[in-house]
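Dear colleague,

I am passing on the structure below, followed by some notes on what was found in it. Please read the notes with the model open beside them.

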Amino acid sequence: MAPEHRFPTAVDDCITATRWVRQQATALGLDADRLAVGGDSAGGNLAAVVAIAARNAGDLPIRYQLLIYPATDMRRGAPSHTTNGTGYLLTRDTITYFHTTTSTRSATTSTGARHRCCTPTCRSCRRRVLTAGFDPLRDEGHQYAVALTKAGNRATYVCFERQIHGFITMGRVLEEANAAVSMCAAELRRALTASAPASAASRDGSD
């Protein structure tokens, strides 16, 4: 974790962990061809990056991504960063602090591989993107889902308009958090039990 371990350490850790799960699938009682990645907030960013890295390497099939109010644009310029930047738990200043604490200069300024890794592009597998209406990250999550669809990916988008960043972990006090978890679980179950689309490999490789 930052600041002791800055970008791209977390990315490298997540890719290594995902590869380990696939390699140890038999011992773990898993189907190596039915892998999913997911996360919320910075974890959503990491899940997206893992899938992009897996697609680029071509040896780690990711069937599904679950991105819950993900950070997908390190420029932090979407309108919701201003309209929801204060008063809703996660603030614009806090996001800036996280970014400067985690990032290296090359991740922030470079147009090379590190920057492309830090800001996911519209590639890889089927996804569900979930956002919250009063979240600074709302608009970039929506923009990411739209861009995925325009690029030919299978992506669905849901916004819980009344909620804030982090709400999905608040099931003891927010009934909509429980509804969101149930929705995500059902979608994940469908994705991992359905047959993989025959054209998925060619489509994902051409985005």
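Helix α1 (residues 9-23) has 15 residues, which at 1.5 Å a residue should span 21 Å, and its end C-alpha atoms are 21 Å apart, in agreement with that expectation; the expected span is taken as 1.5 Å times one less than the number of residues, and helices are DSSP runs of H or I with at least four residues, numbered from the N terminus. This is a predicted model, in which local features need pLDDT of at least 70 and side-chain atom pairs count only at pLDDT 80 or more, while totals for chains, interfaces and linings use all residues. Residues are numbered from 1 along each chain as its sequence is written, and side-chain values use heavy atoms, with hydrogens and water left out.

The buried residues of α1 are V11, I15 and T18 (buried means under 20% relative accessible area, exposed over 50% and partly exposed in between, with a 1.4 Å probe and protein chains only). They cover an arc of only 65 degrees around the axis, so they lie on the same side of α1, the arc being that of the directions from the helix axis to the C-beta atoms. On the other side of α1, D13, T16 and Q23 are exposed.

L28, which is found in helix α2 (residues 25-28), counts as partly exposed because its relative accessibility is 42%.

As for the cysteines, C159 is buried, with a relative accessible area of 18%, and C184 counts as buried at 6% relative accessibility. The count of disulfides comes to zero, where a disulfide is a pair of cysteine sulfur atoms within 2.5 Å.

Terms used. Helix = DSSP H or I, 4+ residues; strand = E, 2+ residues; numbered from the N terminus.
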